[in-house]
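Work through the exercises below with the sequence and coordinates open. Try each task before reading its solution.

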Amino acid sequence: VGQIRRFPSDWRGECRFSYAMGIDLIAGGRNKKKARTAPKSDNVYLSLIVKLYRFLARRTDANFNRVVLKRLFLSRVNRPPLSVSRIAREMAGKEDKVAVVVGNVTDDVRLLDVPALKICALRFTATARARIVKAGGECITFDQLALRAPTGSNTVLLRGRRNAREAVRHFGPAPGVPGSTTKPYVRTSTKNRKIEMARGRRKSRGFKV
């Protein structure tokens, strides 16, 4: 909403006005918090889990519930999957505890013997679930976990590596810059075997340093 300021009349006797434009603020003033307060997904099951952990985060003093609630809001890129082999490695000597993953649990064919693991996750791949159950382990959901451990006692909270994506290797200083380890986007061709071989050595092969 603009504020009108009146100036004294000039030599013609005309009165001049100046408008100082403002901005319309929503109730509560300027909101500088950009973190999510709800998931973007329309998944009804996820919405129910969020509703449950909102209640637990509010009514219990456990930091575990607040962390789980925050991770439920994250985008899929920020909820990287975790393999059975990584969980088995992290849970060595903690077999009596429940591994909690706010994300997907995937199989790893390189792991020959799966130990008996108790895992709580948003989703299990079919092969990961089959191998865990066959080994005498257990795959539980977050509503089942809330009944067993409402404060997160006797649990181990795990998460995958965010920077493990192949796309992250292309981020950083330009490929070819001295000291850069960034992976280049190389053109591939089925017709030309030598395309962009010797990159950086000559101009006909991408660029020359």
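**Exercise 1. Count the helices and strands of the protein, then give their order.**

Solution. Start with the assignment: helices (H or I, at least four residues) and strands (E, at least two) are DSSP runs, numbered from the N terminus. The count comes to 5 helices and 7 strands. Next, read from the N terminus: β-β-α-α-β-α-β-β-α-β-α-β. A note on the source: this is a predicted model, where local features need pLDDT of at least 70, side-chain atom pairs count only at pLDDT 80 or more, and totals for chains, interfaces and linings use all residues. Residues are numbered from 1 along each chain as its sequence is written, and side-chain values use heavy atoms, with hydrogens and water left out.

**Exercise 2. Describe the burial, surface, contacts and charges of the protein.**

Solution. Begin with burial. Buried means under 20% relative accessible area, exposed over 50%, partly exposed in between (1.4 Å probe, protein chains only). Of the 209 residues, 30% count as buried.

The protein exposes about 15,300 Å². Carbon and sulfur atoms supply 52% of that area.

Now contacts (heavy atoms within 4.5 Å). Among contacts with a separation of 6 or more, 37% join residues 24 or more positions apart.

Finish with charges. Lys and Arg count as positive, Asp and Glu as negative; His and the chain ends are not counted. Each charge is placed at NZ of Lys, CZ of Arg, CG of Asp or CD of Glu. The mean positions of the 46 positive and 15 negative charges lie 8 Å apart.

**Exercise 3. Find the aromatic pair and classify its geometry.**

Solution. Apply the criterion: rings of Phe, Tyr and Trp (its six-membered ring) pair if their centres lie within 6.5 Å; planes under 30 degrees apart count as stacked, over 60 as edge-to-face and the rest as tilted. The structure holds 1 such pair. The ring centres of Y53 and F142 are 6.0 Å apart and the planes meet at 85°, so the pair is edge-to-face. Y53 sits in helix α1 (residues 44–59) and F142 in helix α5 (residues 142–148), 89 residues apart. Both Y53 and F142 are buried.

Helix α5 also holds D143. At 43% relative accessibility, D143 is partly exposed.

**Exercise 4. Is T125 buried or exposed, and which residues does T125 contact beyond four places in sequence?**

Solution. Locate T125 in the loop between β5 (118–124) and α4 (126–134). Its relative accessible area is 18%, so T125 is buried. Beyond its neighbours within four places, T125 contacts V105, T106 and D107.

**Exercise 5. What is the phi of N154, and where does N154 lie?**

Solution. Recall the background: most residues other than glycine have a negative phi. N154 has a positive phi, near 60°. N154 lies in the loop between α5 and β7 (155–158). At 44% relative accessibility, N154 is partly exposed.

How values were computed:
Areas by Shrake-Rupley, 256 points an atom, 1.4 Å probe, with all protein chains shown as cover.
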